Amino acid sequence: MPLGPWKKKNKSTKEHLVENEVVSGGHTGAGSLSKSAVNGAGLPAPPANLRPKLVFHTQLAHGSPTGRIEGFGNVKELYAKIAEVFNITPPEILFCTLNTHKIDMDKLLGGQIGLEDFIFAHVRGLKKEVEVYKSEDALGLTITDNGAGYAFIKRIKDGSVADNVKVICVGDHIECINGQNIVGTRHYEVARMLKDLPKDKPFTLKLVEPMKAFDMLEPRSKGPKPAGENKIGTGRGTLRLRSKGPATVEDEPTEFEEKAVKKVDDLLESYMGIRDTELAATMVEVGRDKKNPDEFAMALDETLGDFAFPDEFVFDVWGAIGDARDGRL
């Protein structure tokens, strides 16, 4: 479903901004989240008094004062908090990166954020329309989404059809395909739409690129840490944002989890043309104690009813989880 209209707030938000928190290059940095929600609906957010009492620092990636945000339980609520601080509307935010203002797809905010991470919000910039001739079956695009209705380009394969169209860039939000607005469409559906486009025919993309700062800005170092009273334990934990159920504070991923999630995410790209570390993490959770592929497939259907995975993919994912568990990855 397309995102509904958002109303820009007129009230002052200066109490959320910290004008003097700036590091080298004129900006602050520090952060770390996983990937997008699995099902946009999910359960109602928990009451504010039951949510983790954590404060995170944020900036607009193209430059802004530093803001403080707290009290969010999922990605959509996070975007709403950021928008309130900077007096913009949530749909203006394309995606967020952690610890860097750059369009770095390895630093995307997804479903997990380190307790001391710093969030950079990338907002809508230049609109562009491009006609592409599909000379090959595969375009060479990997699609992801921001967990709030926007699909965008995470990777472009060297030498591919998309790579030869220089106006198409990593980080571009795909707004329309052949005139069809796809805002609110999940990334795996967008990937399927692109794959199903007929070969040897042209098609049109409407894209929105993130607003960019001057490229000569120096890389930004880690910014200030949240105040001491907001730390939990050693500060090595993460806040996990879930599409179903409340946000939870968890320990850092184990070596098994990191290896398994990376492998499953690679398989998602190979089979479906998407990358989604939150989806991969959910699949690892589901499969870690399953004894055979059939049991794993049934559990996936119960947990991820809106996905249709090929049998070979399910078998390979179950094998990858087993290899990681047994130390073979």
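Predicted model: local features only at pLDDT ≥ 70, side-chain atom pairs only at ≥ 80, totals over all residues.
Within strand β6, Phe120 is the bridge partner of Gln59. Strand β2 spans residues 55-60 and is mostly covered, with six of its six residues buried.

**Strand β2 and its neighbours**

- Strands β2 and β6 (residues 118-134) run parallel and are joined by four bridges.
- On another pairing, β2 meets strand β3 (residues 66-70) in the antiparallel sense, over four bridges.
- Phe56 has Ile69 of β3 as its bridge partner.

**Side-chain directions in β2**

- In a regular strand, side chains alternate between the two faces of the sheet.
- Val55, His57 and Gln59 point one way from β2, while Phe56, Thr58 and Leu60 point the other way; all are buried.

**Packing of α4 and α5**

- The axes of helix α4 (residues 277-287) and helix α5 (residues 293-303) come within 9 Å and cross at roughly 130 degrees.
- The crossing of α4 past α5 is right-handed.
- From α4, the contact is made by Thr282, Met283, Val286 and Gly287, and from α5 by Phe296, Ala299, Leu300 and Thr303.
- By residue class, this contact of α4 with α5 comprises five nonpolar, three polar and no charged residues.

Conventions: Residues numbered from 1 in each chain as written. Heavy atoms only, no water. Buried < 20%, exposed > 50% of the residue type's maximum accessible area, 1.4 Å probe, protein only. Helix = DSSP H or I, 4+ residues; strand = E, 2+ residues; numbered from the N terminus. Pairing = 2+ DSSP bridges. Axes fitted to C-alpha atoms, helices over the stretch in contact; angles between N-to-C directions. Left-handed = near helix turned anticlockwise from the far one by under 90°. Contact = heavy atoms within 4.5 Å. Nonpolar A, V, L, I, M, F, W, Y, C, P; charged D, E, K, R; others polar.
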